[in-house]
Amino acid sequence: MTLPALRLLEASGFTPMLTGKRWAEDLMSGMSWRFDPIEGHVTEDLQRIRYISNHLGPRPLGLLFPNSFSSALLFSIGRVRNAGFATDGRRLLLEKVVEEPGSMHEVERFFRLAHGAIKAWGGTPAWDEVPEELGMKLLARHEAAARNLMHQYNIPEKFVLLAPIARGLHHGKEKQWKHFNELCGPLREKGYEPIIFPSVREEEANKKACPDATILPPTTLGNYAALAKRAHLVIANDSGISHVAAAVGANQITLLGVTDPARTRPWNQRAVCLGNSVEGWPTLDIVLHSIDQQL
């Protein structure tokens, strides 16, 4: 969801150099920006940030998308001139404070953060409105890997990607819909094979949640994104997979029951969102009807 903000930075004359969790590196590699992984170990992460800072000249600029105190502390100690929202009691650690823009979608919020930081750094934002598309670019090897995976596992041209697992809780409530397995029969009756590529360490959870689907070995997020482009439909909870599908403009249905679509829906004009934090999860019949419409 930070892609429009990062694209704004680049278009405004700044060179994005990313730090983040290692799993994001492959997904973001098509954007041609340097990526340095953060492992979650304070000493190692600080050494890495200082190394980057020393090789980019005196105290480079840093934009903090996370809201955490620890992220601001890491950049501050690492001699990075950071900018961000004054969340989690970190105002004194920020060189440039960007004022909170109010309630809006997270894509818009990140964009406003970058827009405000560019102005605070003396630059001129290249544009003022959030793009309608996230604008993910994939590498040729991701597209090739998707073709190879389809050939290797005999995936038919008519397939639907299912993502039944959403880890963690939202305000103490589970974030995953309970009826993914009941989609497999109707999808096959329509001639579409239900396919799952689970993330690492989630194979068993996927087998339990959706045992009737074709469950294949994990692949990288870049490869998964290329598969999502090829799928006739991606059906996911309000989770990372929903946003990966949105990033490549895939045909998708996102299922919500405890989260607010006004803040976290997939940023994709083609996306269909069913359910919300007020009305709760959609029924199986509603989802099947939506699948009929999408296919």
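Let me start with a question: is E174 buried, partly exposed or exposed? The cut-offs are under 20% relative accessible area for buried, over 50% for exposed, and partly exposed in between, with a 1.4 Å probe and protein chains only. E174 comes out at 42%, which is partly exposed.

Before going on, the basis. This is a predicted model, in which local features need pLDDT of at least 70 and side-chain atom pairs count only at pLDDT 80 or more, while totals for chains, interfaces and linings use all residues. Numbering runs from 1 along each chain as its sequence is written, and side-chain values use heavy atoms, with hydrogens and water left out.

Salt bridges next. Side chains of opposite charge can pair when their charged atoms come close. The rule here asks for a side-chain nitrogen of Lys or Arg within 4 Å of a carboxyl oxygen of Asp or Glu. That gives eleven salt bridges. E174 is in one of them, with K178, at 2.4 Å from N to O. K178 counts as exposed, with 55% relative accessibility.

Another pair is R34 with D36, where the N to O distance is 2.7 Å. D36 is buried, at 11%, and R34 is partly exposed, at 33%.

A further salt bridge joins R141 to D26, with 3.1 Å between the closest N and O atoms. R141 sits in helix α6, residues 140–152, and D26 in helix α2, residues 23–28, so this pair ties together parts that are 115 residues apart in sequence. Helices here are DSSP runs of H or I with at least four residues, strands are runs of E with at least two, and both are numbered from the N terminus. In this pair R141 is partly exposed, with a relative accessible area of 46%, while D26 is buried, at 16%.

Now the cysteines. How many disulfides are there? With a disulfide taken as a pair of cysteine sulfur atoms within 2.5 Å, the count is zero.

Strand β4, residues 81–84, is joined to β5 by two bridges. A83 has K96 in β5 as its bridge partner.

Contact means heavy atoms within 4.5 Å.

The buried residues of α5 include V107, F110, F111, L113 and I118. Buried residues of this helix pack against α1 (3–11), β3, β4 and α11 (261–264). As a length check, the expected span is 1.5 Å times one less than the number of residues. For the 15 residues of α5 that is 21 Å, and the end C-alpha atoms are 21 Å apart, in agreement. Just after α5, G122 takes a positive phi of about 85°.

How values were computed. Pairing = 2+ DSSP bridges.
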